[in-house]
Amino acid sequence: MNHLDDRQRAMLAEMGVRLWARPPAPARPLARSPAGTSAPAPQAPAAARLEAHPLAAPAAHPAPAPAPLPAPPRQAPPASPAKAALPSPPPTPEPPVRAPRPAGVDTMDWPALEAAVADCHACGLCEKRRHTVFGVGARQADWMVIGEAPGEQEDRQGQPFVGQAGKLLDAMLAATGLSRHAPAPAGAAGASAEPQPVYIANVLKCRPPGNRNPQPEEVAQCEPYLRRQVALVQPRVILAMGRFAVQSLLQTTEPIGRLRGRVHQYAGVPVIVTYHPAYLLRNLPDKAKAWQDLCLAREIMNSHLRAASVAPENQKR
Ligand code: SF4
């Protein structure tokens, strides 16, 4: 009856004829085609298809914008990996542990004594030193030169009296007929045209930082090494060079100017006092005084040699 138009429907209603309208067909499952393929489902009305695909809704009816989502609660940012991975600062180097001076220094031989000094941590000067400065020259010599303490170059090279002061000392020794490089005599002591050997050491074996004056406790700790060196070398005369060396050896506070020209003693050995070559480089007029001191030391040595020639049994070597 769907073919009746509105006018015909109105006439039939006036005649009491009820019209039966075919209900809409329910949705059916896909029927299989005879060939076993799915038959296409009946097409839904266009409006229904549009509602089923809202994304395809015409632009004239845009979907209402969704309500904005509430902002998530702020959270503390995670720790920056860069900060977390920051390397810890390098550890501050520990100063060397102080250790007592080894026992038995006064009976050590040369190798043991040199090894003891090289490994010594008996005073604070061990903390900044590059090298210990043990001594140089012939270990059996009639002459011994004793200076104060290593300077920067001595600390670098591990040798006493290097640099300009060392060159001046070598010139002074050469003028006196001595050399730090001369071999020890094999026979008896005596006058010789060859330079005579000399052994050179310092009161302190380690450099005071910044070339400051040594402290009394540093001298007290180091002095046994020097005393043992003197005992092993057995010099006939000692040249003490510089105020600090002189005052340390002689246990005095008198200035060099008042100690010069006399014969002092250290461990039973005659000591002649003179200026340090580094001082003489800055005070050239005092070189003449230093020459007088060397002449006095030579005079003492010659008197030893004369006595030895008169009484051969007194010869040491
Ligand atoms: S100065 Fe002498 S006592 Fe001090 S650490 Fe050096 S060698 Fe040892």
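In sorting residues by class, Ala, Val, Leu, Ile, Met, Phe, Trp, Tyr, Cys and Pro count as nonpolar, Asp, Glu, Lys and Arg count as charged, and the others, Gly among them, count as polar. With those classes in hand, the shell around the ligand in this predicted model can be described as nine nonpolar, three polar and two charged residues. The protein that holds this shell has 11 helices and seven strands.

**The surroundings of the ligand**
- The ligand is surrounded by 14 residues, and the closest of them are C120, C123, C206, Q221 and C222.
- Helix α7, which covers residues 216-233, contributes three residues to the shell around the ligand, and this is the most that it receives from any such element.

**Strands β5, β6 and β7**
- Strand β5 (residues 237-241) runs parallel to strand β7 (residues 269-274), and four bridges join the two; within this part of the model, M241 stands opposite T274 in β7.
- Strand β6 (residues 264-266) also pairs with β7, but in the antiparallel sense and over three bridges, and here Q265 stands opposite P270 in β7.
- The hairpin of β6 and β7 has two residues between its strands, and in this hairpin A267 takes a positive phi near 55°.

**The protein as a whole**
- The protein has 317 residues, of which 28% count as buried.
- When contacts between residues at least 6 apart in sequence are considered, 65% of them join residues that are at least 24 apart.

Key:
Residues are numbered from 1 along each chain as its sequence is written. This is a predicted model: local features need pLDDT of at least 70, side-chain atom pairs count only at pLDDT 80 or more; totals for chains, interfaces and linings use all residues. A residue is near a molecule or strand if its C-beta atom, placed from the backbone, lies within 6 Å of it. Two strands pair if DSSP finds at least two bridges between them. A residue is buried if 20 or more other C-beta atoms lie within 10 Å of its own, exposed if 12 or fewer, and partly exposed in between; C-beta atoms are placed from the backbone. Two residues are in contact if their C-beta atoms, placed from the backbone, lie within 7 Å.
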